Amino acid sequence: MRLGLAAAAVALLLVLAVPLGIRAQQRGAAAAARSARDSAPIDLTGYWVAYITENWRYRMVTPAKGEYRRIPSSSAAVPIINAWDPAADERAGNQCKSYGAGIIMSVPGRLHITWQDADTLRIDIDAGTQSRLLHFAASPAATSASASPSWQGDSKATWERATGQNAGGSLHVVTSNLRAGYLRKNGVPYSERTTVTEDFDLATLPDGGRLLLVNTVVEDPVYLNGPYVVSPHFKNESAGSKWEATPCSAIW
């Protein structure tokens, strides 16, 4: 009798477990189907102005020719650094070499961050009139072996979610397929083999304002001996009244 009751109980549990498992799968599928915009753990949209707290002397003025301190440039980069000629860059149509993804977030100016679609975050930069597209889903460039390198490359984005009571998160972005450019206005180079890894985080200022921190790691097997790490900051602005798009320039 006891064996019969035990068998019946096990059978009942199995019957109940099937719909529970199906419901769990359905909830998981629904969560996976949510767009990057709808599932964002933080809101990065809005206008932001560069808040320059590091490398002021290298970002606010054009450094002297041959100056590459704080950048782990390789021996292969030194001849290019010493041969920098901004007028030649202008003539060749390469005045945007210091506005590529390897440096653009360190260029003084403003950002306007919006959602281009449900799975693509767009960053417009007024300096150099540049635009970056951060793709949470596979982009056409990422799936095409023949896609040409560009100043802003192809960026793959993922949300990193925090745990705990005050859960938030950050944005993780990896960018490749870049045109060769400069890490500094005075011709410190990075190659087409460069990868840029960024983590976007938000912080609250004592006055209640918001600060955007973009921890950036640039890796290049050609012109760098090791990772080049910077952390540009931006303060949130309530509106875009100070936005002023300017073209690329080989010098400030």
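Analyst: Happy to; the questions below take the labels one at a time, and please keep in mind that this is a predicted model.

User: Let's begin with the overall make-up. How many helices and strands does the chain have, and what percentage of its residues is buried?

Analyst: There are 4 helices and 12 strands. Of the 252 residues in the chain, 39% are buried.

User: What share of the contacts with a separation of 6 or more comes from residues 24 or more positions apart?

Analyst: That share is 59%.

User: Which residues have the most contacts inside the largest nonpolar core?

Analyst: They are L44, L111, L171, F200 and L212, in a core of 30 residues. Strands β1 (46-51), β2 (110-117), β3 (120-125), β5 (154-161), β6 (169-176) and β10 (210-219) each supply at least two residues of this core. Another core, of 14 residues, lies apart from it, with V196, V218, Y228 and V230 among its members.

User: What is L111 in contact with, leaving aside neighbours within four places in sequence?

Analyst: The partners of L111 include W48, I123, L212, F234 and W243. G46, Y47, M105, D124 and I125 are on that list too.

User: Now the charged pairs. What makes R110 and E237 a salt bridge?

Analyst: The closest N and O atoms of R110 and E237 are 2.8 Å apart. The cut-off is 4 Å, so the pair qualifies as a salt bridge. R110 belongs to strand β2 and E237 to strand β12 (residues 233-237), so the pair ties together parts that are 127 residues apart in sequence.

User: Why are R110 and E237 called buried?

Analyst: Buried means under 20% relative accessible area. R110 has 17% and therefore counts as buried. E237 has 15%, so the label applies there as well.

User: Is E67 buried or exposed, and what is R69 called?

Analyst: E67 is buried, because its relative accessible area of 14% falls under the 20% cut-off. R69 has 48%, which is between 20% and 50%, so R69 is called partly exposed. E67 and R69 form a salt bridge, with their closest N and O atoms 2.7 Å apart.

User: What makes β7 and β8 count as paired strands?

Analyst: The requirement is at least two bridges, and 3 bridges join β7 (residues 181-184) to β8 (residues 188-190), so they pair. The two strands run antiparallel. R184 has V188 in β8 as its bridge partner. The strands form a hairpin with 3 residues between them, and G187 in the turn has a positive phi of about 90 degrees.

User: Last one: where is C248, and why is it called buried?

Analyst: C248 sits in the segment after β12. Its relative accessibility is 13%, under the 20% cut-off, so C248 counts as buried. Leaving aside neighbours within four places in sequence, C248 is in contact with Q95, C96, Y99, G128 and Q130. The C-alpha atoms of C248 and G93 are separated by 9.9 Å, although these residues are 155 residues apart along the chain.

Technical notes
Residues are numbered from 1 along each chain as its sequence is written. This is a predicted model: local features need pLDDT of at least 70, side-chain atom pairs count only at pLDDT 80 or more; totals for chains, interfaces and linings use all residues. Side-chain values use heavy atoms; hydrogens and water are left out. A nonpolar core is a set of buried Ala, Val, Leu, Ile, Met, Phe, Trp, Tyr and Cys residues joined through side-chain atoms within 4.5 Å. Buried means under 20% relative accessible area, exposed over 50%, partly exposed in between (1.4 Å probe, protein chains only). Contact means heavy atoms within 4.5 Å. A salt bridge is a side-chain nitrogen of Lys or Arg within 4 Å of a carboxyl oxygen of Asp or Glu.
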